[in-house]
Amino acid sequence: MTLIPRRPLLALSALLLALPALPSSAQTYPAKPITFLVPFAAGSATDQLARALGQSVASDSKQAVLIDNKPGAFGFIAAQQAAKAAPDGYTVLITTNTTHAANEHLYKKLPYDPVKDFAPVTALGKGGQIMVVNPSLPVKTVAEFIALAKKEPGKLSFGSGSSSSRIAGELLMQMADIKLLHIPYKSNPLAVTDLLGGQINMMITDNATGLPQVKAGKLRPLGYSGATRTPLAPDVPTIGETVKGYEMGYWFAAYVPAGTPAPVVAELNKLLLQATRSAGATAFYQSTGTEVYTTTPAELGKFQQAESQKWGRIIKAAGITPE
């Protein structure tokens, strides 16, 4: 047996004591159920993705994942609750550009800071939106809708349950030089319900909530908001084919409260990246035409900053005055 001299042994002990210890939460994370806060209603695209990811995270971590839907106020309620949660990794905000890129340009005062109050975890996907109308509206193309809107300025309405959906409509008004009546909703599924009932005329919504109604013959598709046609509905032209230069999409991402230990964020990043490759998540991405897009926490922070600047320019160009 080799003996270590006393002085070197004491020096080694002092060095080990001086090393910062990882918080116990980071060493054992996750050690209890995790809550995924969702800013939109059950059935929304964000909710569907959160549930698919949650199943995988629960399976891999051996801990339950609870989905807590807090719709309303364009994500204010969920974002504020997440911002005030304990920074321990057990409250995760599964959200979109609505809360973390658009809202700061749409509202004068937010009950949360999209940068200072959160630690980025990973981006989760990107997607386009589909423009749909109630079949009773006598239009079958974007051009016909624009013509009708110009004939009856301010009489046609569009609904939105997210900033992506709202700005898509606002941008169409600005670029096509038409006037529509905007009707806000807590989430896109609620707006789709009223569109089906004829209470509103049009909306530009995510594929997850719009395409099932199109395939069922209950809504008529006019255009797709992406730069290219979606393979899920290849016969539907892009809005940009009629309104030159038009393009609008959305993205998903995960955040935790600011101050969450870096090792916990890293472990959560790992779990979520694995979850995006799960069967449930893959089914969501394929069925909604969503592109898988993941990042490191640092990359998400840079992406969010660039997106905030982009959304700010779009909102300003659309002539929207912050409320």
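A salt bridge here is a side-chain nitrogen of Lys or Arg within 4 Å of a carboxyl oxygen of Asp or Glu. By that rule I find five salt bridges in the structure.

**Ground rules**

I am working on a predicted model, where local features need pLDDT of at least 70, side-chain atom pairs count only at pLDDT 80 or more, and totals for chains, interfaces and linings use all residues. Residues are numbered from 1 along each chain as its sequence is written, and side-chain values use heavy atoms, with hydrogens and water left out.

**Entry 1**

I started with arginine 166.

I took the glutamate 170 contact first. The closest N and O atoms of arginine 166 and glutamate 170 are 3.4 Å apart. Both residues lie in helix α7 (residues 163-176). They are four residues apart, about one turn of the helix. I take helices (H or I, at least four residues) and strands (E, at least two) as DSSP runs, numbered from the N terminus.

Next I looked at glutamate 323. Its salt bridge with arginine 166 has closest N and O atoms 3.6 Å apart. Arginine 166 is in α7 and glutamate 323 is in the segment after α12 (297-317), so this pair ties together parts that are 157 residues apart in sequence.

Then I checked burial. I call a residue buried under 20% relative accessible area, exposed over 50%, and partly exposed in between (1.4 Å probe, protein chains only). Arginine 166 is buried at 7%. Glutamate 170 is buried at 11%. Glutamate 323 is exposed at 54%.

**Entry 1: a salt bridge within a loop**

I moved on to glutamate 241 and arginine 229. Their side chains meet in a salt bridge of 2.9 Å, N to O. Both residues sit in the loop between β8 (220-224) and β9 (249-257), so the pair ties together parts that are twelve residues apart in sequence. Glutamate 241 is partly exposed, at 37% relative accessible area. Arginine 229 is also partly exposed, at 38%. I note the general point that side chains of opposite charge can pair when their charged atoms come close.

Are the faces of strand β5 covered or open? Both faces of β5 (residues 157-160) are covered. Ser157 and Gly159 are buried on one side, and Phe158 and Ser160 are buried on the other. In a regular strand the side chains alternate between the two faces of the sheet.

I count two strands as paired if DSSP finds at least two bridges between them. Four bridges join β5 to strand β6 (residues 181-184), and the two run parallel. Serine 160 has proline 184 as its bridge partner in β6. The chain crosses from β5 through α7 to β6, and this β-α-β crossover is right-handed. That label means that, with the strands pointing away from the viewer, the path from the first strand over the helix to the second runs clockwise.

I then followed β5 to strand β7 (residues 202-206). Two bridges join this parallel pair. Methionine 203 of β7 stands opposite glycine 159.

**Entry 2: helix α9**

How many residues of helix α9 are buried? Seven of the nine residues in α9 (residues 207-215) are buried, and the helix is mostly covered. Among them I noted Asn207, Thr209, Leu211 and Val214. Just after α9, glycine 217 takes a positive phi of about 80°.

I looked for exceptions. The peptide bond from tyrosine 29 to proline 30 is cis, with omega near -5°. Proline 30 lies in the loop between α2 (24-28) and β1 (34-38).

Lysine 62 is not a glycine, yet it has a positive phi of about 65°. I place lysine 62 in the loop between α3 (45-61) and β2 (65-69). Its relative accessibility is 68%, which counts as exposed.

Aspartate 177 also has a positive phi, near 60°. I find this residue in the loop between α7 and β6. Aspartate 177 is exposed, at 63%.

I finished with lysine 84, in helix α4 (residues 76-84). Lysine 84 is exposed, with a relative accessible area of 66%.
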